[in-house]
Amino acid sequence: MREDNFIEWRILAGKLRGTLSSKEEQEFQAWYDASIRHRKYFERLGKLWDSGEESEIRVDVEAMIRDFDRHVEKRKRISIRRRWIQVAAVVIPLIVLGTVIYWNRGMKPVEQVAVNTLLMPGESRAKLTLSDGRVVLLDKMQKDETMIDAGNSFIRRGEGRVTYVKGSEKSPDKVEYNTMEVPRGGEYVLELSDGTRVWLNSQTRLVYPTCFVGSERVIELDGEAYFQVARDTTMPFVVRVGKNAVRVYGTSFNVSAYREDANMITTLETGSVGLWVGEKEYRLVPGDQADVTVATGTVVKYRENADAYCSWRNGTFIFEEERLESILNRLSRWYNVDIFYQNESIKDLHFTGDLGRYEDFMEVLKLIGLTTNVEFVVNGRNIIVKYK
């Protein structure tokens, strides 16, 4: 049986042309419904296909389809593995199509030395570990709500989100903790028992109680998350990151604190927070960003456009004169790729621009390359960055 991640190019091409048989239409629909990444991919392909400015591309695509069909048949005769054929059948046509578009516009395409995987954006998926050791995989699109008994509370599971609902108004006898882990190439939304909403970015781990008790609402973060904290002046909300902490009463802010990064960056969008580093508190107002060097505890405050650092939760990456290394670190987690640099000096180049979070990765690389004088060599999930 064909895996849900794969579909033959002729099915996509037939859908664009409107020539699918009923059986092929079912195959396309199953693939299309299997993942938001598939839908975004096909929407992008459809926009290119329907573009009035590039209508001449269709001639090239039709010729490419015929050539590729002959290529696949030849490969089948020499027993190339079926999976390689299926992946190539999806990826190669889009690369060729994108290349035609950019050549027509006088733009240099991304160098592609090998294609063996589909570099799609992330999607809603996470692993939830309950206090009794049970593990709930949240990888699949969950359209119908289901309830999970978590002891002190119930967990309402829906599409791309879980919500904690208190089991009773009485305070529990003991605090029970859950852990949500979002892998590279993933994202998830969590609503805590107090109504606080948390957007978890890729490669992020959050430890939190199923129900808040005591004088503080304390959670632990490793990775990046955006918070909309439910206001409660009697019980401050505390985000612990290693030895540091962010204390708030009701506000929205973003914290980026990956274990492998040298810095913890807190960006305040609304309200006010107190950033505790050691025994000292640094107060932030909207538009403030605090950059903590973890090894030394040094804190530097800036005035920044908070939207640029919080926009990822709304489907957009906004970069304003940001270092290329920082940008590519964020993209590598989201697209689940590994980045290598031919020269260390490339890391210090800067880029300004808005990028769609669900765009095809090849398109994203081309846009970055236009203004940074770099090009990308793509080999599977390994990306080599070099000067043009």
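Start at the second largest pocket: its lining has 8 nonpolar, 4 polar and 7 charged residues. (Nonpolar means Ala, Val, Leu, Ile, Met, Phe, Trp, Tyr, Cys and Pro; charged means Asp, Glu, Lys and Arg; the others, Gly among them, are polar.)

The model is predicted: local features need pLDDT of at least 70, side-chain atom pairs count only at pLDDT 80 or more, and totals for chains, interfaces and linings use all residues. Numbering runs from 1 along each chain as its sequence is written, and side-chain values use heavy atoms, with hydrogens and water left out.

**Stop 1: the second largest pocket**

The space here is about 360 Å³. Select Leu221, Val241, Gly242, Lys243 and Ala257, the closest to the centre among 19 lining residues. (A pocket is an open set of points on a 1 Å grid over the protein atoms alone, where a 1.4 Å probe fits, with protein on both sides within 12 Å along at least five of seven lines; lining residues have an atom within 4 Å of a point. Volume is the space filled by probe spheres set on the points, joined across faces, edges and corners.)

Next, colour β11 (204-209), β12 (217-228), β13 (237-241) and β16; each supplies at least two lining residues. β12 gives the most, with 3. (Strands are DSSP E runs of at least two residues, helices H or I runs of at least four, numbered from the N terminus.)

**Stop 2: the largest pocket**

Move to the largest pocket, with about 670 Å³ of space. Select Asn263, Ile265, Asp291, Glu322 and Ser326, which lie nearest its centre; 25 residues line this pocket. Now show β15 (252-257), β16 (263-270), β19 (288-293), β21 (316-323) and α7 (324-335), each with at least two residues in the lining. α7 gives the most, 5 residues.
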